[in-house]
Amino acid sequence: MTNAQQFETLMRNHQNMVFSTAMRLLANQTDAEDVTQETFLRAYERFEQLRGSPTVSGWLKTVATNLSLNHLSRYRSRWSFFSELLGSGREEHEEREMEFPASETVTETLDEADRRALVEQALQQLPAAQRVPLVLFHFEDLAYEEIATKLGVSLGKVKTDIFRGREALRRQLRLRLMDEPAAAATRT
Amino acid sequence: MNPEYEKQLEAAVRRELNALGELEAPPEIGRRVMRVIEQRSATPWYRRGWQAWPLALQCASLTGLLTAFAFLCVGGSQLAHFAALSPAAREVSGWCSLLDTIWNAANVLVNALALAFRSLGPAVIIGSAVMLLASYALCVGLGTVYWRLACVPLKERQS
């Protein structure tokens, strides 16, 4: 098997993971494709070291995450992203409602594939300031402190944004908590 | 915010997100990457950026450039001696006078540093270097404090 064929195999095995990482952070198909391409080009430059390494998956995920965060802060929505991070425009995003129908038991009445699509859609429609820390927490398994360091914001802001992101998802997906009546009473 | 509610909310969201699999990457991604790789490897080394040159060529080009610079500097200063002999040499000497000046300035700077090191002694030099580093660290520290106090909004600090 030639070098190129080996690299193509590696790419086939990991492209969904890399694309998912970028897509969930960027919420934009074209940008996610660009980041995926750049991630694999960097992997090709280091293919000699990565070939057969057990950490290749982690390496690709880290590179895709960092490239996505760079992309967010540098190009895509430079000003809006940072204004969200620094707090201005927060109210506007809190008020924003997502535009897809949701019944009382929205996730329960759909089949598995539709339900996943709905959750993905809800995630992608979150404002970047909520989506990015939420994705880093739940998909990249980063701690609050690590997310704060990575994004260059305070720990309190990360916790608040993640909480707001979860709340928005709960509202949109009509998620039921285990102890719903008691939870509703003590929510505020 | 109620900690119990937060815990339940986190668990509910985690359940939903964990159920999501990987998204399907567009099938053309692989072809795109391979096409770029082929284009890059087909580009001759002299058309790529210097950083992408082979290491041996990087070393050779750097050595060549430094040698050429040294020759120009030394040659410029030597040419001044022959400037009186021919008009052409005078012309070239004029072009090289700037390089000669740079060479002389670099020489003077190196000699001055060597003299300072010899006359002041290593203790004073090391002390000065430490003071310089401490001043730099102080500037960074004060800048950070200023950023924390003045630039980060009060609301965020309280959250």
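**Confidence, folds and contacts**

Modeller: The mean pLDDT of chain B is 82, and 82% of its residues reach 70 or more. This is a predicted model, and the predictor gives the complex an ipTM of 0.72 and a pTM of 0.63.

Biologist: What is the secondary structure of chain A, and what percentage of its residues is buried?

Modeller: The secondary structure of chain A comes to 12 helices and zero strands. Among its contacts between residues at least 6 apart in sequence, 65% join residues at least 24 apart. Of the 188 residues in chain A, the buried ones make up 35%, while for the 159 residues of chain B the value is 9%.

Biologist: Where is the kink in helix H1 of chain A centred?

Modeller: Helix H1 of chain A covers residues 3-26, and its kink is of about 50 degrees. The residue on which that kink is centred is A:His14.

Biologist: Is A:Ala27 buried or exposed?

Modeller: A:Ala27 lies in the loop between H1 and H2 of chain A, and its phi is positive, at about 55 degrees, although it is not a glycine. The cut-off for a buried residue is 20 or more other C-beta atoms within 10 Å. A:Ala27 has 23 such atoms within 10 Å and is therefore buried.

Biologist: How does A:Asp141 count, as buried or exposed?

Modeller: A:Asp141 also has a positive phi of about 55 degrees although it is not a glycine, and it is found in the loop between helix H9 (128-138) and helix H10 (144-151) of chain A. A residue with 12 or fewer neighbours falls in the exposed class. Because A:Asp141 has 8 C-beta neighbours inside 10 Å, it counts as exposed.

Biologist: Which residues touch the most other members of the largest nonpolar core?

Modeller: In soluble globular proteins, nonpolar side chains tend to be buried together. The largest nonpolar core here has 46 residues, and its largest share, nine residues, comes from H1 of chain A. One of the core's best connected members, A:Val132, touches A:Leu25, A:Leu72 and A:Leu151, not counting residues up to four places away in sequence. The residues that touch the most other members are A:Phe19, A:Ala22, A:Leu26 and A:Val132.

Biologist: How far apart are the end C-alpha atoms of H2 of chain A?

Modeller: Among the buried residues of H2 of chain A are A:Val35, A:Phe40 and A:Tyr44. At 1.5 Å a residue, the 17 residues of this helix should span 24 Å, which agrees with its end C-alpha atoms being apart by 25 Å.

Biologist: Which element gives the largest share of the side of chain A that touches chain B?

Modeller: In all, 38 residues of chain A are in contact with 32 residues of chain B. The elements of chain A that give two or more residues to this side are H1, H2, helix H8 (112-124), helix H11 (155-173) and helix H12 (180-186). Its residues divide into 17 nonpolar, 11 polar and 10 charged. The largest share, nine residues, comes from H1 of chain A.

Biologist: Finally, is B:Tyr46 buried or exposed?

Modeller: B:Tyr46 is found in the loop between H2 and helix H3 (55-82) of chain B, and its C-alpha atom is 9.8 Å from that of B:Leu57, 11 residues apart in sequence. With 8 other C-beta atoms within 10 Å, B:Tyr46 is exposed.

Key: Residues are numbered from 1 along each chain as its sequence is written. Chains are lettered from A and ligands numbered from 1 in the order in which they are written. This is a predicted model: local features need pLDDT of at least 70, side-chain atom pairs count only at pLDDT 80 or more; totals for chains, interfaces and linings use all residues. Helices (H or I, at least four residues) and strands (E, at least two) are DSSP runs, numbered from the N terminus. Two residues are in contact if their C-beta atoms, placed from the backbone, lie within 7 Å. The bend at a residue is the angle between axes fitted to the seven residues ending there and the seven starting there. A nonpolar core is a set of buried Ala, Val, Leu, Ile, Met, Phe, Trp, Tyr and Cys residues joined through C-beta atoms within 7 Å. Ala, Val, Leu, Ile, Met, Phe, Trp, Tyr, Cys and Pro count as nonpolar, Asp, Glu, Lys and Arg as charged, and the others, Gly among them, as polar. pLDDT is the predictor's confidence in each residue, from 0 to 100. The expected span of a helix is 1.5 Å times one less than its number of residues.
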